[in-house]
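Take a look at the model below with its pockets and its surface in mind. We'll walk through them one by one.

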Amino acid sequence: MTTRTELDFSLLQDALGPLRDREQVAARLLESSLKHSFDPETELDWAAPLEDGKWFWPPELVSLYDTPMWRRMPEEQRMDLARHEAASLASLGIWFEIILMQLLVRHIYDKSLTSDHVRYALTEIADECRHSMMFARMIQKGGAPAYPVPRIYHNLARVLKTVSTTPGSFAATLLGEEILDWMQRLTFPDERVQTLVRGVTRIHVVEEARHVRYAREELRRQMVTAPRWEQEFTRLSCGEAARVFSTCFINPAVYDNVGLDRREAVAQVRASGHRREVMQSGARRLTDFLDDIGVLRGPGRRLWKSSGLLA
């Protein structure tokens with residue numbers, strides 16, 4: 001039976017049009033999950049040796065690409081940097097996914113346990129568990145260390161998980177998913193890249209497409225129905241999350257570990273027009289969406305600009 005609340009939701013709309021029925025969206029995502037879900041433990045050949053002469057990440061997506069330092073580096077050192085940056089990004093992905101899983105559990109805590117909306121959230125949590133294990137195993141296979149985010153941001157995330165509003169949670173989810181997704185869509189068809197890495201990114205892209213749809217639909221609904229204070233807080237917290245995300249995107253220790261001067265490397269990355277274009281291109285689909293639904297306003301928008309993710 002359709003409840004009064006669901007009928008009310010069906011009458012709401014934002015700048016993108018009418019809001020979709022929450023249960024219908026979840027039902028379609030559950031159907032897709034049945035058809036297109038993967039077990040990385042059996043789907044990928046973890047025993048296969050790594051391939052000589054292949055990258056762990058497309059060179060154009062490596063932070064120092066097309067800088068003076070990059071042009072001085074021998075090819076072997078460039079490939080080593082790509083291997084360490086792949087490990088850094090995988091470490092960042094695990095951190096974000098652990099945060100996301102906790103936010104999703106909070107989101108469904110007081111919702112109907114028999115609804116498709118909750119059932120899909122639990123399905124997504126299971127996906128994220130597999131992704132985190134997959135990323136960790138890829139780091140180990142590549143032989144680079146894990147790269148945790150700085151302690152200050154690790155602890156700041158504890159605060160986020162405690163005070164985040166529901167729309168803030170879904171905005172942060174999209175931030176953690178969509179930029180990496182853009183990069184991975186360039187990675188998995190790239191034959192210059194290790195077969196294992198391509199397999200990992202293919203699985204992640206296919207399954208994250210559902211996660212993005214779920215988060216976008218729920219964020220749209222929350223930005224229409226949340227009280228004004230919550231909308232304003234979401235704009236601010238989302239902007240701060242963008243600043244932290246861009247700061248943590250590549251751990252500067254990767255430069256030390258491949259024999260580069262960390263201070264010079266960080267300075268050249270910050271000055272790189274190519275890197276700025278890569279990051280803004282990766283964020284553009286997300287920032288366009290957030291702008292359309294009213295998230296990129298006021299001080300929050302200024303934080304997005306300071307992050308370098310918004311032109």
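Predicted model: local features only at pLDDT ≥ 70, side-chain atom pairs only at ≥ 80, totals over all residues.

Residues are numbered from 1 along each chain as its sequence is written, and side-chain values use heavy atoms, with hydrogens and water left out.

Start with the largest pocket, which holds about 690 Å³ of space. A pocket here is an open set of points on a 1 Å grid over the protein atoms alone, where a 1.4 Å probe fits, with protein on both sides within 12 Å along at least five of seven lines; lining residues have an atom within 4 Å of a point. Its 29 lining residues include Ser246, Thr247, Phe249, Val269 and Arg270, which lie nearest the centre. Of the lining, 15 residues are nonpolar, ten polar and four charged.

Now for the second largest pocket, at about 480 Å³. Ala157, Leu160, Ala172, Ser237 and Ala241 sit closest to its centre, out of 31 lining residues. That lining has 20 nonpolar, six polar and five charged residues.

Out on the surface, Leu156, Val159, Val163, Trp229 and Phe233 make up a nonpolar patch with about 470 Å² of accessible area together. Helix α7 gives the most to this patch, three residues. Leu156 lies in α7 and is partly exposed, at 36% relative accessible area (partly exposed falls between buried, under 20%, and exposed, over 50%, with a 1.4 Å probe and protein chains only).

Technical notes. Points joined across faces, edges and corners; volume = space filled by probe spheres on them. Nonpolar A, V, L, I, M, F, W, Y, C, P; charged D, E, K, R; others polar. Patch = residues over 30% accessible without salt bridge, like charges linked within 9 Å, V, L, I, M, F, W, Y side chains within 5 Å. Areas by Shrake-Rupley, 256 points an atom, 1.4 Å probe, with all protein chains shown as cover. Salt bridge = Lys/Arg side-chain N within 4 Å of Asp/Glu carboxyl O. Helix = DSSP H or I, 4+ residues; strand = E, 2+ residues; numbered from the N terminus.
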